Amino acid sequence: MRSNRLSIEVEDLDRIPRGLHLVIAMHGYADAAGVGELAAATIIETLDHRLLVDFDTDVLIDHRSRRPPMDFEEDRVASYTPHTLALSLAQDDAGRSFILLSGPEPDWMWDRFTAEVMEYAKRLEVASVTSVISAAMPVPHTRPLATTVSGNQPELIERYSAWRPSSRIPGSVVLLLEYRLSEHWPYATFCVLVPHYIGDSGYAGPALTALESITNATGLLFRTESLRKADREFHQAVAQQIGEHDELSTLVKSLEARYDAFMNEADVRSPLVDEDGDVPSADDIAADLQRFLAMRKDSGGEDSGRL
């Protein structure tokens with residue numbers, strides 16, 4: 001039975017090794033292309049892990065906005081899969097242990113949730129904290145995916161942060177965790193910049209970039225063969241669609257030119273705006289691409305965005 005806390009300890013934390021890296025891969029607001037969800041799923045489905053702490057999603061999650069799945073079979077409800085928000089102990093591909101915080105971003109009680117995560121981080125004496133999020137941006141899928149890096153590790157920011165904006169943004173639990181926990185631990189948040197015209201069309205590349213970013217920060221190794229295969233298939237499908245639509249080809253070439261100019265430190269404001277300072281709209285053009293990929297799935301093609 002739960003107390004007034006938001007979580008229960010499934011395992012005795014006193015028996016868990018100290019000094020491990022804490023990895024945060026949650027899904028919710030800042031999760032374009034499902035980066036956090038797919039990165040966490042890849043870890044959970046391919047690496048040894050066990051549950052340490054279970055958070056109360058009945059209290060933390062608004063089930064009307066994120067309804068958990070149920071299976072209906074002909075004349076009955078056959079299954080119900082509740083949300084899971086948890087701390088787990090996992091082992092990377094080299095056998096090194098780390099702590100994973102995964103699941104849906106809480107809708108309620110952000111401060112209490114953050115305080116409990118901080119308490120567990122202190123008890124486990126974590127060595128560092130690395131989180132991954134994503135944002136949809138007008139960047140081309142034909143170029144290496146870039147990241148914006150925040151936190152308190154200047155060497156990671158200098159090496160891996162391609163875009164460093166200053167603006168007021170809507171908050172998220174992951175960013176609140178950075179704000180609170182970076183006062184106590186080495187902390188890095190990698191925000192993967194996802195092509196805005198891709199949408200939810202099974203793009204595995206951003207999740208692959210997120211896992212590679214965690215490796216860059218911590219040295220942890222992940223099994224990414226399935227993501228790499230899915231990414232190759234996705235690029236083949238998109239290349240076919242672009243070859244059949246001049247509008248898509250024009251859009252991608254325009255984004256490539258801005259991206260290349262920015263990366264070459266040309267005299268432009270950023271890769272995300274055009275000459276007039278406006279973000280190019282790709283909604284109409286992207287619809288063709290997303291319809292094509294949806295038709296590919298419906299016709300029996302592999303859904304390359306999920307393992």
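**Briefing: cores, ring pairs and helix packing**

Phe 98 and Phe 222 are both buried. They belong to a predicted model whose protein chain has 307 residues, 48% of them buried. The secondary structure of this chain comprises nine helices and ten strands. Of the contacts in the chain with a separation of 6 or more, 78% are between residues 24 or more positions apart.

**Nonpolar cores**

- The largest nonpolar core contains 42 residues, and Ile 43, Phe 98, Leu 211, Phe 222 and Leu 227 have the most contacts inside it.
- Strands that give two or more residues to this core are strand 2 (21–27), strand 7 (97–104) and strand 10 (187–195).
- Helices that do so are helix 1 (35–46), helix 4 (154–160), helix 6 (205–218), helix 7 (225–244) and helix 8 (246–263).

**Aromatic pairs**

- Five aromatic pairs are found when the whole structure is searched.
- The pair of Phe 55 and Tyr 120 is edge-to-face, because the ring planes stand at 85°, with the centres 6.3 Å apart.
- Phe 55 belongs to strand 3 (residues 49–55) and Tyr 120 to helix 3 (residues 110–124), so this pair ties together parts that are 65 residues apart in sequence.
- Phe 55 is buried, its relative accessible area being 1%, and Tyr 120 is also buried, with a relative accessible area of 1%.
- Phe 98 and Phe 222 form an edge-to-face aromatic pair, with 6.0 Å from centre to centre and 90° between the planes.
- Because Phe 98 lies in strand 7 and Phe 222 in the loop between helix 6 and helix 7, their pair ties together parts that are 124 residues apart in sequence.
- Phe 55, Phe 113 and Tyr 120 are linked into a cluster by ring pairs.

**Packing of helix 7 and helix 8**

- The axes of these two helices come within 5 Å and cross at roughly 115°.
- Helix 7 and helix 8 are therefore roughly perpendicular to each other, since angles of 65 to 115 degrees count as such.
- From helix 7, Gln 241, Ile 242 and Glu 244 take part in the contact, where they meet Asp 246, Leu 248, Ser 249 and Val 252 of helix 8.
- The residues of this contact divide by class into three nonpolar, two polar and two charged.

- Helix 5 (residues 173–181) has Val 173, Val 174, Leu 176, Leu 177, Glu 178 and Leu 181 buried.
- The strands against which the buried residues of helix 5 pack are strand 2, strand 7, strand 8 (128–137), strand 9 (147–151) and strand 10.
- Helix 3 is also one of the elements against which they pack.

**Thr 57 in helix 2**

- Thr 57 lies in helix 2, which covers residues 57–60.
- With a relative accessible area of 9%, Thr 57 is buried, because the cut-off is under 20%.
- Apart from neighbours within four places in sequence, Thr 57 makes contact with His 63, His 83, Thr 84 and Leu 85.

Key: Residues numbered from 1 in each chain as written. Predicted model: local features only at pLDDT ≥ 70, side-chain atom pairs only at ≥ 80, totals over all residues. Heavy atoms only, no water. Core = buried A, V, L, I, M, F, W, Y, C linked by side-chain atoms within 4.5 Å. Buried < 20%, exposed > 50% of the residue type's maximum accessible area, 1.4 Å probe, protein only. Helix = DSSP H or I, 4+ residues; strand = E, 2+ residues; numbered from the N terminus. Phe/Tyr/Trp six-rings, centres within 6.5 Å; stacked < 30°, edge-to-face > 60°. Axes fitted to C-alpha atoms, helices over the stretch in contact; angles between N-to-C directions. Parallel < 35°, antiparallel > 145°, perpendicular 65-115°, else oblique. Contact = heavy atoms within 4.5 Å. Nonpolar A, V, L, I, M, F, W, Y, C, P; charged D, E, K, R; others polar.
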